[in-house]
Amino acid sequence: MVRVISHTGSGGGSIDSFVIGGVTLTALPQASLAGWGANERLFYGVALSLSGNQAWTAAVGSATRIAVQLFAAHSVVSFEAGPTLALLNAALNQSLTTDANSIQVGLLTSNAITGTVAATGNTMQRLSRLGNFYRDLIWTEDRNDTAMQGAVSGFGFTPSWLGRIVKLQGSLTSAALPTWVPAAGEVAMLTVANGGLANNFRDECAPYYSDYYYVRTTNTYGGCFKNPFWGSYGAAMFFSGGHGNINDNSVTMAEYGVNAVTFKRVTDPTPWFGRGTDSDTKVNNSAAGSEVIKGVSVPGQMDVISAPGDPARVFNYGISTIDGAPGSSHTYGSGDFIGPADGGAANGTHLRVWSPALNRNSQNGAVSALALDFVSTTAATGTRSWRKESLNRLNETGNGAAPVLTQWVPRQQRVYVVTNGLTRVWWFDKATGTYVTGSGVGFDFDLADGSDGGTLFHVPERGLLVCAYRRAGVIELQWMDVTVAQPTKGGTATLSTRLNVLDPWGAATWCPDNNRIILGAISGDNAAVYEVQIPDTLSSAWTVTRAPFGAGQTLPDMNTTGEFKRFHYDHKIKSIFYFAFAKRADQGHDVAYVYRPRFT
């Protein structure tokens, strides 16, 4: 459902006409708003400010038409009684029309607002509660705060979060895109030779570790965790390894810059056997098993509950006793980023709530929540440290087994967890630092083909959590309503086209800028992705459309390793930055791909 509010005016704070639901109100001075409710005054104030803001007017030309669009995730806002209530209701089903000079303000709403408004008479409390639902829009740039505060100045409130409700279209959506981002619908290949990559991943190896093994911090059973809060354009974070591979617990970012993507190691790995730069120390730090070397071992320097010599090696938080960092791990798709609007650091906080298969010689992990704050993008690697986020480790998880998928849902302050064998809905509650087993039925993920695929993503505009995986050789999408306190599996999407994929598969993501699910790695077709439109009635068919790339463009094989969030959309660059594999020195230079979906 859509409510449309538009107006025409001459700018400078005066409004010649104000149109709601097709009805024109003329010459509305501020004094006439005295009898209006808080929500009506808020939206009218936004429109007033936009019409009179000279900087924005210049950016879009003669911005004389403004639309305020409210997307209802569950039901529409119950507006307070006021002179325009009938007009707002009349506009309920009117289609939103735009033109080249339009500015759209997207507001995510929920039926919970209605109860909150009814329960409190305090305008500031109402607006603060309403603001909680705007987080899902992932609008993190605060440059519009001043303008938005001006929108409601004189109306009695200037909440600091107001700038985050704005999603400007066209040239106002964000700063100019990086030079390496292709046109909508096309693919770009980034290399060191063409300048798209500033360096190779392996170049960032710590001096007391081996670069031969360092590449495994992204190549082995690991995900790519998108951080939209890092710097101007965001970044992708890599952290993996664990059993059978390495002890290197370095965290590395692919930083999206104006002219290139730069790999940057942002933490120091644990010096299990010291910081010497001789070859023995490098190899031992990277790949030693349980053996004791010069009086110490890797397992002996972890926070085990049982004795270090116990083969079970039951971990507590799964962290090193040297520096408190989690051991190298099969991260799969278990990792999320929290922004400053939700209590995260200025450049994002990485939150992981499960650490499977810790370090090279261990098959065990720890179900505990750990966080890594990124206050600055330029801090020295040795200054960043992990911290405990959960009250304690979880001692029992049922029959959960690899792989592990997680997804942060901001409005609920929860990280949902999906693994093979977990039949109930399960989440980590950030507010209380505890794990919760819900009453709802979980996804059918344990029926997925293989054990190295699948992905989980959030569709905030619809209040849905979607689990995507391969089952019987084809893509299966299941959905769950996460606007309710006790979610349960809602159903399996009926795709209009059957899509065959190879195992492992997990190339699926939500694109909020074109309102479609994007699916990659479809069998026999590396020259296109497939878009899925979510219907208004979820039991209806979900329309699948092939979206071909530009002439001669392709994406690489995505079935050589589990995707685990590598294919997720980055809003600030309007693209999917895809980096599947870091190369050793004997394998040549790295290659990354960027796909920008259509209509973005």
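## Basis of the description

Residues are called buried when their relative accessible area is under 20%, exposed when it is over 50%, and partly exposed in between, with a 1.4 Å probe and protein chains only. By that scale Asp 268, at 25% relative accessibility, counts as partly exposed.

The model is predicted, so local features need a pLDDT of at least 70 and side-chain atom pairs count only at pLDDT 80 or more, while totals for chains, interfaces and linings use all residues. Residues are numbered from 1 along each chain as its sequence is written, and side-chain values use heavy atoms, with hydrogens and water left out.

## The chain as a whole

The protein chain has nine helices and 31 strands, these elements being DSSP runs numbered from the N terminus (H or I with at least four residues for helices, E with at least two for strands). Of the 600 residues in the protein chain, 60% are buried. The accessible surface of the chain comes to about 21400 Å², and carbon and sulfur atoms hold 50% of that area; such areas come from the Shrake-Rupley method with a 1.4 Å probe, and for residues only the protein chains shown count as cover.

Among the contacts in the protein chain with a separation of 6 or more, 63% are between residues 24 or more positions apart, a contact meaning heavy atoms within 4.5 Å.

## Cysteines

The structure holds zero disulfides, where a disulfide is taken as a pair of cysteine sulfur atoms within 2.5 Å. Cys 224 is buried, with a relative accessible area of 1%, and Cys 467 is likewise buried, at 0%.

## The sheet S13 to S16

Four strands form an open sheet in the order S13-S14-S15-S16, with antiparallel pairing. Strand S13 (336–338) and strand S16 (386–388) stand at its edges with a single partner strand each, so one side of each is left without a neighbour in the sheet. From one strand to the next, the twist averages 30 degrees, with axes taken as lines fitted to C-alpha atoms (for helices, over the stretch in contact) and angles running from 0 to 180 degrees between N-to-C directions.

Two strands are said to pair if DSSP finds at least two bridges between them. Strand S15 (residues 370–373) and S16 are joined by three bridges in the antiparallel sense, and the bridge partner of Ala 371 in S16 is Arg 387. Arg 387 also belongs, with Asp 373 and Glu 389, to one network of salt bridges that share partners.

Strand S9 (residues 252–256) is largely enclosed by the rest of the structure, because four of its five residues are buried. Strand S8 (residues 235–238) runs antiparallel to S9 and is joined to it by four bridges, with Ala 235 opposite Glu 255 in S9.

Five bridges join S9 to strand S10 (residues 261–265), again in the antiparallel sense, and here Met 253 stands opposite Lys 264 in S10. S9 and S10 form a hairpin that has four residues between the two strands.

## Helix H9

In helix H9 (residues 279–287), the buried residues are Thr 281, Asn 285, Ser 286 and Ala 287. The buried residues of H9 pack against helix H7 (211–214).

## Salt bridges

Side chains of opposite charge can pair when their charged atoms come close. The structure holds 14 salt bridges, each defined by a side-chain nitrogen of Lys or Arg within 4 Å of a carboxyl oxygen of Asp or Glu. One of them joins the side chains of Asp 268 and Arg 265, at 2.9 Å from N to O; Asp 268 is partly exposed, whereas Arg 265 counts as buried at 14% relative accessibility.

Another salt bridge joins the side chains of Asp 449 and Arg 470, at 2.8 Å from N to O. This pair links distant parts of the chain, 21 residues apart, with Asp 449 in the loop between strand S20 (434–441) and strand S21 (455–459) and Arg 470 in strand S22 (residues 464–471). Arg 470 is buried, with a relative accessible area of 18%. Lys 574 forms a salt bridge with Asp 513, the closest N and O atoms being 3.8 Å apart. This pair also links distant parts of the chain, 61 residues apart: Lys 574 lies in the loop between strand S29 (541–548) and strand S30 (576–578), and Asp 513 in the loop between strand S26 (508–511) and strand S27 (516–519). Lys 574 is buried at a relative accessible area of 10%, and Asp 513 is buried at 19%.
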